[in-house]
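Morning, everyone. I'll take you through a few local features of one chain. Have a look at it first.

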Amino acid sequence: MSGLLSTLTGFVKIPSLRKKLLVTAAIFAIYRFVAHIPAPGIDQNSLKALFSSSQFLTLLDVFSGGTLANFSIMALSLGPYINASIIFQMLTMIVPKLEALQKEGDYGRQKINQYMRFLTVPLSIVQAFGIVMLLKNRSLISIENPLNLISIIITLVAGTIFLMWLGELINEYGLGNGVSLIIFAGIVSRLPVAFAQTATTVESSNLTNVIIFGLMSVAVIYFVVKTTEATRQIPITYARRSSIGSSGRQASYLPLRLNQSGVIPIIFAVSLMLLPGMGANLLSASNNPQMISLAGQISANFTPESAAYNAIYFFLILSFTYFYTAVVFNPEKIAEEVKKHGGFIPGVRPGKSTASYLSYILNRTTLFGGASLGFIAILPSIVSKITGVTTLTIGGTGILIVISVVLEILKGVQSQMVMHNYDKFAS
């Protein structure tokens, strides 16, 4: 509570933080305003009825911030950009030129981001075409000629590009990661609907279901906070020399976060888990009986409450946790930096031995952190089977992302407050 109060005080007292907050709030307002502008030619009433009858589509709408249920010009949301990001982060691990470009500092990151933007456009076109064809086959959208189809696709692609630009504005002038904050804003805007649906279900359930629901909510919040804030302290000893020539040692610690990747693995995993359901919806519109049968099998196995869905979801979160941790934390580089500054881990030789030791510790902490993150993500599905409150399956992952993003914002604000106080003291 004291940390939250100090953060709120920092927004009031520090002009730079106040400016970042106002810029972020203004971008959120623009995003939510544009999200309510519908694309042309859609039957809104029939579309809402379709989404209300499918739990998968409802889950998809939650992560689009409600832009898909009303077929907004931002109906694609940031899905194509996230997919492009996943593709390029994987390519940097296997393509030497991209790996070398990534090591060139800020210039390399800007070039890779530019390539990601270029890839977002064709991915947006493909996804927009698929969604429009799906709605057309269900007689939910009227397309009179090819020009009409092209105009709708261009509108949807432009909405994604505009949303990507808003996210980059938040990166540069706002409070944190633009993609995470945009998804955060979309989920928060849909949480009241999920809570209202849950409250209606709870009213008709027994006391046991109410208690389990409350305990699950508290457990999710508690474990998310704990896994996000937990660190493993690695002791580092630095040799130092005093003014009279005698040598000594200075102890320090290298903090390894239990979850180095934050909320990114969940966002990536959700983006991939939505693809089979979208493919099944496209196949179901076919006139081929075999395609329709295949679509039914995919839909049955990739609903949020199915065992296969949760098993794959858990595996993807764990895999992306390892993958993103390998991207953001390099044991060899850390070991070289420690050695360069005359430091060493007690009982471990500097250099390669230190890198191997850090990798060993990192693999263990990442396993526990990724498994905890995956378990928390699928916990609502497990509890929903016990209680029958199906809205938990939708709200659980959303709440997980919201809490993680809020914690990242608080940590970023607190670090800026420390720098501000240091600069004030130094001056």
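Predicted model: local features only at pLDDT ≥ 70, side-chain atom pairs only at ≥ 80, totals over all residues.

**Helix faces and a helix pair**

An α-helix has 3.6 residues a turn, so residues three or four places apart point the same way.

Next, a helix pair. Two numbers describe such packing: the angle between the axes and the distance between them. Take H7, residues 106-137, and H8, residues 146-173. Their axes come within 9 Å and cross at roughly 135°. That makes H7 oblique to H8. The cut-off for roughly antiparallel is over 145 degrees. The crossing of H7 past H8 is right-handed.

Who makes the contact? On H7, the residues include Arg117, Val121, Ile125, Phe129 and Met133. On H8, they include Leu149, Ile153, Leu156, Ile161 and Glu168. By class, the H7 contact with H8 counts 13 nonpolar, three polar and two charged residues.

Last stop, Ile312. This residue lies in helix H13, residues 307-328. Is Ile312 buried, exposed or partly exposed? Partly exposed, because its relative accessible area is 34%. What does Ile312 touch, leaving aside neighbours within four places in sequence? Met273 and Phe302. Met273 is 39 residues from Ile312 along the chain, and their C-alpha atoms are 8.2 Å apart.

That's my tour. Over to you.

Note on methods. Residues numbered from 1 in each chain as written. Heavy atoms only, no water. Axes fitted to C-alpha atoms, helices over the stretch in contact; angles between N-to-C directions. Helix = DSSP H or I, 4+ residues; strand = E, 2+ residues; numbered from the N terminus. Parallel < 35°, antiparallel > 145°, perpendicular 65-115°, else oblique. Left-handed = near helix turned anticlockwise from the far one by under 90°. Contact = heavy atoms within 4.5 Å. Nonpolar A, V, L, I, M, F, W, Y, C, P; charged D, E, K, R; others polar. Buried < 20%, exposed > 50% of the residue type's maximum accessible area, 1.4 Å probe, protein only.
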